[in-house]
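Please examine the sequence and the structure shown here. The paragraphs after it begin with one side chain and proceed to its surroundings.

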Amino acid sequence: MTDPIRWGILATGRIAGVFARGLADAGSELAAVGSRRQETADAFGDQFQVPRRHASYEALAADPEVDVVYVSSPHPMHCENSLLLLRHGKAVLCEKPFTINAAEARAVIAEARRRELFLMEAMWTRFIPAVARVRELIAAGSVGEPRMVQADFGFRAHLNPEGRLFNPDLGGGGLLDIGIYVLSLASMVFGPRPKDVASTAHLGETGVDEQAGMTLRWPGGELAVLSCAVRTSTPGEARIFGTEGSLLLHGPFFKCTTLTLKRGDEEERLEIPVEGNGYNYQALEVERCLREGRLESETMSLHESLALMELMDRLRAQWGLVYPTER
């Protein structure tokens with residue numbers, strides 16, 4: 001792999017700008033951007049000093065000066081865009097959720113493996129220092145055996161039927177947008193395949209999940225009690241309870257900088273700052289994997305991303321939620 005590794009960004013929405021700032025924080029090279037119109041590619045390029053600006057995703061995929069591409073398009077386009085890039089020999093970091101459903105995830109993973117190309121879901125929270133410290137503390141037995149996870153992520157958004165949060169054509173609703181955070185945390189602690197899943201959701205006037213509650217049970221009896229919402233504000237905290245103690249990820253847990261470790265009557269508060277905007281850590285993980293010749297990250301594996309998509313399919317089946325692209 002070339003040094004430095006040359007990044008491209010596919011699509012130019014809000015999250016693309018966040019990732020571009022993360023690349024700058026990481027000291028990485030943003031070489032190219034692809035949009036569906038030259039004007040938006042040029043505007044993004046001007047804002048983030050991107051030298052190569054493409055008026056189509058196909059042109060970005062074919063750019064020989066790009067090694068890896070971050071896919072920041074809307075949820076329903078993740079599969080199509082990732083396949084396009086992989087078929088042009090590009091490594092891919094795809095924004096969460098990985099795809100709309102498990103069938104699409106399997107197709108993308110199969111293509112990456114067939115072509116022996118790196119692929120990862122952009123679950124940026126997994127790589128920030130506080131969450132990395134959580135894994136270290138659990139591995140060291142600081143809370144004993146983990147037995148329960150509680151986590152919530154909710155905010156009140158203005159109801160815009162055409163916006164991405166509420167439009168079913170864009171994979172709207174809380175589950176794919178922010179429910180993935182609480183599910184990913186539980187998966188990190190207990191593994192990605194719970195045995196039993198019980199959930200309920202309120203489907204709003206546009207037909208997408210506006211809030212949901214989920215209870216998951218693993219084969220050893222471990223439990224996760226989770227919620228997500230796009231019309232209800234919640235504290236955004238996460239707790240991990242073990243046989244010898246507990247960990248609190250202070251809200252908002254998805255960009256946590258403070259942990260509280262409790263054992264008996266003793267509490268220890270750990271301040272673990274994030275450098276940059278937090279997206280830099282996943283970029284550095286991708287670059288590490290590419291330099292080491294890895295095809296996936298052990299911290300956010302393709303097996304886990306597929307299992308999480310399968311889990312979200314299970315949840316939506318319980319709610320009767322089917323997206324138009326799946327009909």
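A polar atom in the side chain of Thr-125 lies 2.7 Å from the backbone oxygen of Phe-254. The model is predicted: local features need pLDDT of at least 70, side-chain atom pairs count only at pLDDT 80 or more, and totals for chains, interfaces and linings use all residues. Residues are numbered from 1 along each chain as its sequence is written, and side-chain values use heavy atoms, with hydrogens and water left out.

Thr-125 is placed in the loop between β6 (119-122) and α6 (129-139); helices (H or I, at least four residues) and strands (E, at least two) are DSSP runs, numbered from the N terminus. Thr-125 is buried, its relative accessible area being 8%, where buried means under 20%, exposed over 50% and partly exposed in between (1.4 Å probe, protein chains only). Leaving aside residues up to four places away in sequence, Thr-125 touches Val-131, Tyr-181, Phe-253 and Phe-254, contact meaning heavy atoms within 4.5 Å.

Tyr-181, Phe-253 and Phe-254 are among the members of one aromatic cluster, which also includes Trp-124 and Phe-153. Rings of Phe, Tyr and Trp (its six-membered ring) pair if their centres lie within 6.5 Å; planes under 30 degrees apart count as stacked, over 60 as edge-to-face and the rest as tilted. By this rule there are twelve aromatic pairs. The rings of Phe-153 and Phe-253 are edge-to-face because their planes stand at 80°, with centres 6.5 Å apart. This pair links distant parts of the chain, 100 residues apart: Phe-153 belongs to strand β7 (residues 146-154), and Phe-253 to the loop between β12 (246-249) and β13 (258-263). Both Phe-153 and Phe-253 are buried.

Conventions: A polar contact is a pair of N or O atoms within 3.5 Å; within protein, one must be able to donate a hydrogen and the other to accept it, and residues adjacent in sequence count only if both atoms are side-chain atoms.
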